[in-house]
Amino acid sequence: MADEIIRLTGIHKSFAGVRALQDVSLTLERGKIHCLVGENGCGKSTLIKIIAGVYQRDSGSVQINGKEYEQLHPIDSIREGIQVIYQDFSLFPNLTVAENIALNEQLAEGRRFVNWKHVRHVAEDAIAQIEVQMPLDARVEDMSVANKQLIAIAKAMRQNAQLIIMDEPTSALTEREIRVLFTVIHKLQQRGIAFLFVSHKLNEVLEISEAIIVMRNGRVVSTGLANEYNTTRLVYEMTGQSIAEKSYEFTPDLSQPALLRVENLTVPGALYNVSFEMRRGEIVGVTGLLGSGRTELALALFGMLPITAGQIEIDETPVKIRSVQDAIAHGIGYVPEDRLTEGLFLEQSIGRNVVVRTIDKLRGAFGLTDPARVKQQVDEWVTSLRIKTSDPDLPVKTLSGGNQQRVVVAKWLASNPRLMILNGPTMGVDIGSKNEIHELIKRLAGEGMGLLVISDDIPELLQTCNRILLMRNGSIVQEILPGETNENELAAKLIED
Amino acid sequence: MSRIFRSNEALVAVTIVLLSLIIGFNNPTFFSVGNLFDLLRSSIVMGIFAMGVLIVIVSGGIDVSFTAIGVFALYSTTRIMKEFMPDASIWIGFMIAATIGLGLGMINAFFIARFKLPTLIVTLGTLSMFHGFLLFAIGNQIIRDVPPAMDAFARSALVRIPLERGVANLHPAILITLTVTIVVWLLLRYTMLGRGIYALGGAREAAERAGFNIPRIQYFIYGFVGLLSGIAGMTFGSMARQANPQDIVGTELNVIAAVVLGGAQLTGGRGTVIGTVLGVMLVVIANNSLVLVGVPTVWQRVVIGLIILVGTGLPAIQAKRASKHSARLAQA
């Protein structure tokens with residue numbers, strides 16, 4: 001078959017006796033957009049590394065462009081036009097855009113000296129190929145994630161890519177950036193380039209892909225055309241079980257005072273006259289594009305952005321929040337967007353991360369921490385939040401994304417907040433963990449906590465929140481009830497200007 | 001334009017001009033030819049060392065053993081020349097010193113490239129080891145009676161300007177520093193090896209994926225630094241007309257400070273030859289000329305410390321502001 005780029009048959013791969021891939025067979029075709037989906041640890045990464053020649057298979061056959069490879073080395077894979085764009089993009093932050101695009105190619109050509117005119121020429125050509133604009137002399141570290149990704153694609157194109165494999169291509173992009181990416185991909189597709197996406201953002205998978213490959217526990221469990229799938233079926237194939245998410249039902253108890261009332265909150269350059277109210281047990285979603293003020297709202301409520309005008313009331317009492325300490329004293333907790341850099345001490349143990357906020361309350365004799373009490377509290381949270389670990393003394397970095405997120409949540413719950421602000425609570429976690437985090441959010445609300453969920457994951461908002469606030473240019477422009485809208489309508493509202 | 005002024009090099013250059021004006025205003029001898037030649041002379045050895053340190057820092061590593069390599073090469077070369085080839089020219093001496101330096105640098109490279117050990121740990125170890133071995137096995141007595149070639153080199157001059165009292169001499173070793181500077185500049189800017197050093201310092205894993213041979217680059221880096229250190233050590237001894245096994249070691253941090261002041265970042269991937277030249281100039285002026293305005297010698301160290309703190313602190317604050325600014329722009 002001329003239009004096949006890759007044909008894998010009966011691939012097996014084990015690591016130290018653990019089976020990573022079992023009898024995997026698949027074909028990837030020229031000019032087609034394929035998507036590989038599956039939960040973390042299902043073998044997706046191993047499969048990609050076998051195609052890239054980084055890992056050697058134990059058995060099975062690999063055919064690339066009709067040629068059978070006994071042993072596939074990374075250099076063979078690259079020569080056959082296979083380019084893998086990893087999540088970190090393999091770019092050099094300290095070098096310019098132009099050099100990043102041209103460097104690999106110059107190295108592959110065996111050059112010993114740098115001809116800067118040539119570098120520039122290569123970069124201009126590559127950027128022109130994908131039809132975007134890019135400041136070539138800027139350093140890559142100053143580029144947005146979306147631009148870094150386009151740079152990586154441009155770089156791949158200069159190396160005569162026939163198949164571009166992208167790991168989680170949309171995970172850190174805004175809606176608008178995803179549109180730009182998809183446009184570029186469609187253009188390249190028309191020129192016969194094949195794509196393999198590895199993703200767990202199901203809606204986007206279904207939107208762009210033509211062929212779907214689902215993996216579970218090291219096997220390919222389902223393949224077919226994208227139009228044969230919907231989100232429910234994908235979730236079922238990925239997890240092997242149906243996860244039915246019910247939307248969150250909430251009836252306000254008007255006899256109780258409002259938990260939080262925000263009036264005309266203003267932070268110059270970020271928020272203008274933001275007003276809303278929420279009650280105990282409510283899950284309020286806040287959505288909007290990046291820069292709409294959704295994160296700034298969280299930061300302002302948590303004392304990290306100075307408020308110049310407006311009023312915040314908690315339990316009908318006006319309060320001043322000027323610092324994180326003030327916010328914590330008023331019972332506000334915040335789980336940041338980037339839990340890895342802002343929320344956790346990755347090298348430290350799970351237990352220490354859980355108690356870090358409340359360590360002062362766990363002091364015993366001589367003001368030293370009481371190990372028994374610490375252990376008791378840690379065990380309590382590990383059990384109640386179902387953090388999957390063999391030992392809470394292990395470092396947090398040993399946990400999966402979803403479990404790490406639970407540790408952040410545990411850290412804040414330990415200090416008994418009345419109001420939790422969750423920024424992108426399920427960003428980068430797999431579908432199973434996502435579901436569990438949603439359940440956790442609903443359970444906490446059921447126990448009377450107020451939750452403010454900031455997210456641009458539309459299904460997530462519809463399934464977990466009882467109200468959604470839509471933000472644009474620093475103001476709340478609309479309040480939406482999940483029951484009165486659907487995914488497409490909300491998505492359209494989100495990107496509307 | 002504003003980008004040029006915000007660059008680290010510009011900041012250091014402005015500091016040099018300001019410092020020179022302050023010193024020169026209080027003591028006009030600062031602007032004399034004699035003082036200028038003195039400053040250049042003081043930059044010779046530090047300049048060669050600094051070029052080596054720059055390469056290491058750009059690659060994301062750190063080398064603190066270069067002073068031990070320098071003094072090891074100097075002392076051994078002096079003894080070899082005295083005992084086996086008393087009539088050899090100074091160039092033979094430089095070649096021997098460079099070879100010894102290269103050999104010692106390769107020992108660093110071996111541990112770093114082969115065993116992937118942290119560069120600071122390895123070079124802290126070899127600093128002690130090289131110096132200890134020198135004192136124990138090669139000699140611990142100062143050699144004052146150096147071979148005639150070294151003596152002649154010490155007395156030579158590139159430019160001689162008669163002054164009211166005495167003569168101002170510019171030592172020809174400045175040409176060595178100049179050559180090394182140009183070679184390192186060409187290396188870093190125009191060779192794939194040089195770009196590989198930046199790539200390694202910027203993102204090691206990406207450099208591996210791109211196909212750079214990381215161990216080979218590391219062998220080059222630490223070998224080359226060793227070679228430069230050997231030359232620097234030999235230059236030092238040839239100018240001082242003695243080989244003292246206790247010299248040079250202990251000045252590592254001064255050199256590293258000069259390179260860092262010049263904008264190289266200890267996290268790797270960043271640093272320029274121009275910046276390093278300016279950094280060396282600043283440290284040399286602070287070291288040599290503060291005494292002209294009556295700053296006592298003991299206080300000079302404090303002043304240099306302050307310059308380092310302010311010099312590295314300011315760009316950091318600027319960077320922070322710039323990133324906040326661009327983050328706002330990105331969101332707007």
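This is a predicted model: local features need pLDDT of at least 70, side-chain atom pairs count only at pLDDT 80 or more; totals for chains, interfaces and linings use all residues.
A residue is counted as buried if 20 or more other C-beta atoms lie within 10 Å of its own.

Turning to chain B as a whole, its secondary structure amounts to 14 helices and 2 strands. The radius of gyration of chain B is 21 Å, close to the 20 Å that the globule rule gives for 332 residues, and chain B is therefore as compact as a globular protein of that length. The C-alpha trace of chain B spans about 75 × 55 × 35 Å along its principal axes, and buried residues make up 47% of its 332 residues. When contacts in chain B between residues at least 6 apart in sequence are considered, 76% of them join residues at least 24 apart.

Chain A, in turn, contains 17 helices and 20 strands. Its radius of gyration is 25 Å, close to the 23 Å that the globule rule gives for 497 residues, so chain A is as compact as a globular protein of that length. A box of roughly 70 × 50 × 50 Å, taken along the principal axes, is filled by the C-alpha atoms of chain A, and 43% of the 497 residues of this chain count as buried. Among the contacts in chain A with a separation of 6 or more, 70% are accounted for by residues 24 or more positions apart. Chain A is divided into domain 1 (4–239) and domain 2 (260–495), and the centres of these two domains, taken over C-alpha atoms, are separated by 34 Å.

One sheet of chain A is an open sheet of 6 strands, which follow the order β6-β7-β8-β3-β9-β10 with mixed pairing. Its edge strands are β6 (82–85) and β10 (219–225) of chain A, each of which pairs on one side only. On average, and with direction ignored, neighbouring strands of this sheet are turned by 15° against each other. Within the sheet, strand β3 (residues 33–37) of chain A runs parallel to strand β9 (residues 211–216) of chain A, and 4 bridges join the two; in one of these pairings, the bridge partner of Leu36(A) in β9(A) is Ile213(A). Helices lie across the strands of this sheet as well. Helix α1 (residues 44–52) of chain A lies across β3, β6, β7 (163–167), β8 (194–199) and β9 of chain A, and runs at about 145° to β6(A). Helix α5 (residues 145–158) of chain A lies across β6 and β7 of chain A, and its direction is at about 165° to β6(A).

A further strand of chain A, β17 (residues 419–423), is mostly covered, since 5 of its 5 residues are buried. In a regular strand the side chains alternate between the two faces of the sheet. In β17(A) both faces are covered, with Leu419(A), Ile421(A) and Asn423(A) buried on one side and Met420(A) and Leu422(A) buried on the other. Strand β17(A) pairs in the parallel sense with strand β16 (residues 332–335) of chain A over 4 bridges, and here Gly333(A) stands opposite Met420(A). It also pairs in the parallel sense with strand β18 (residues 450–454) of chain A over 5 bridges, where the bridge partner of Leu419(A) is Gly450(A).

Note on methods. Residues are numbered from 1 along each chain as its sequence is written. Chains are lettered from A and ligands numbered from 1 in the order in which they are written. Domain bounds come from an automatic or database domain assignment. Two strands pair if DSSP finds at least two bridges between them. Axes are lines fitted to C-alpha atoms, for helices over the stretch in contact, and angles run from 0 to 180 degrees between N-to-C directions. Two residues are in contact if their C-beta atoms, placed from the backbone, lie within 7 Å. The radius of gyration is taken over C-alpha atoms; the globule rule is 2.2 Å times the number of residues to the power 0.38. A residue is buried if 20 or more other C-beta atoms lie within 10 Å of its own, exposed if 12 or fewer, and partly exposed in between; C-beta atoms are placed from the backbone.
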